[in-house]
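Dear colleague,

I am passing on the structure below, and I would be grateful if you could read the notes that follow with the model open beside them.

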Amino acid sequence: MKKIAIVTGASGGLGEEFVKALAKEEVDEVWAIARRKEKLEEIAALCGDKVISFPLDLTKDESYEAIEKRIIEEEASIKWMVNNAGMGRSLCFKNENVDYMKKSIDLNVKAVTILSFIALNHMEKGSYLLNVGSQAGWQPVPYETTYAATKAYVNNFTMNLYYEYKSKGIHVMLVSPYWIEDDMLREMDHGKDVKLNMVSTTNEVVVYAMKAAKKKKMVAMNKRGVRTMNFAQRFVTTNYAVGTWLKTAKKLVDIDN
Ligand SMILES: NC(=O)c1ccc[n+]([C@@H]2O[C@H](COP(=O)([O-])OP(=O)(O)OC[C@H]3O[C@@H](n4cnc5c(N)ncnc54)[C@H](OP(=O)(O)O)[C@@H]3O)[C@@H](O)[C@H]2O)c1
């Protein structure tokens, strides 16, 4: 039986880094999924012939069907599944756009849920499911309202699965990054190049996540400072935590507009 890894959002950022890391693991193929075919093919060419580019839009239901059909046709067993594709931006809620919100809920929530379901049904003992949530999912994050709410879902959903699949020997882990220096960060700060604390490179997040998965951690938070901050937040009020966030939000978004 062919052993495969699947990475969504594989055409850049964190996903590209996961593809490169998984191509070094004991799998026969890495299926790299995103919309931009040319970017996927460039990345596949860098990684040798293990990486198969799979151009799909994960906001469309037929994409899930295409993935499952291919898994069945190829009699593949999924060793690693990384639900990484996500979209989000910082913005006043009143300035949001209905189409953008629908797409972000479809990508960040629906695709993660359905692809987790499909993947877990094609996994065996020793397999890994990694879902990429966010620090934004742990507390109220006004001005990233829709994005943070979708990530709260991913954080909770993934930890529920961790407990459900633990006894089956399938390891489910939440990757919970803080800021990452990549395209999404530019979307969040509207290209203002705002100075932010504790920014990671994509490589730091992925190297840490791969090690944490093998150590069977439930949550991978790569920055020590972020782990300390999350621990400390248990002892402060939600108002205090949100107040701290608002100082950063004001640099990212014109909140009076
Ligand atoms: N950047 C941060 O500061 C940060 C912090 C915490 C968590 N995260 C999370 O990390 C994950 C990776 O984000 P990133 O920072 O690497 O973002 P990114 O650089 O913007 O990459 C997003 C990836 O998702 C793909 N994608 C977007 N829409 C898609 C769709 N409809 N169908 C299929 N693929 C789609 C994009 O490829 P195509 O455009 O080719 O489709 C791209 O490969 C996300 O889940 C994000 O929420 C990011």
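**Helix 4**

In helix 4, the buried residues are Ser104, Leu107, Asn108, Ala111, Val112, Leu115, Ser116 and Ala119, where buried means that 20 or more other C-beta atoms lie within 10 Å of the residue's own, exposed means 12 or fewer, and partly exposed means in between, with C-beta atoms placed from the backbone. An α-helix has 3.6 residues a turn, so residues three or four places apart point the same way. Helices (H or I, at least four residues) and strands (E, at least two) are DSSP runs, numbered from the N terminus. This is a predicted model, in which local features need pLDDT of at least 70 and side-chain atom pairs count only at pLDDT 80 or more, while totals for chains, interfaces and linings use all residues. Residues are numbered from 1 along each chain as its sequence is written.

Methionine 101 also lies in helix 4, and this residue is partly exposed because 15 other C-beta atoms lie within 10 Å. Helix 4 covers residues 98–120, and its 23 residues should span 33 Å at 1.5 Å a residue, which agrees with the 32 Å between its end C-alpha atoms; the expected span is 1.5 Å times one less than the number of residues.

**Strand 6 and its partners**

Strand 6 (residues 171–175) has five of its five residues buried, with His171, Met173 and Val175 on one side and Val172 and Leu174 on the other. Strand 5 (residues 123–132) runs parallel to strand 6 and is joined to it by five bridges, where two strands pair if DSSP finds at least two bridges between them; leucine 130 has methionine 173 as its bridge partner in strand 6. On strand 7 (residues 219–220), also parallel to strand 6, there are two bridges to strand 6, and valine 219 is the bridge partner of leucine 174.

**The ligand shell**

The ligand is surrounded by 29 residues, of which the closest are Gly9, Gly13, Arg35, Arg36 and Gly86; a residue counts as near if its C-beta atom, placed from the backbone, lies within 6 Å. Helix 1 (13–22) and helix 6 (183–188) are the elements that give two or more residues to this shell.

With best regards
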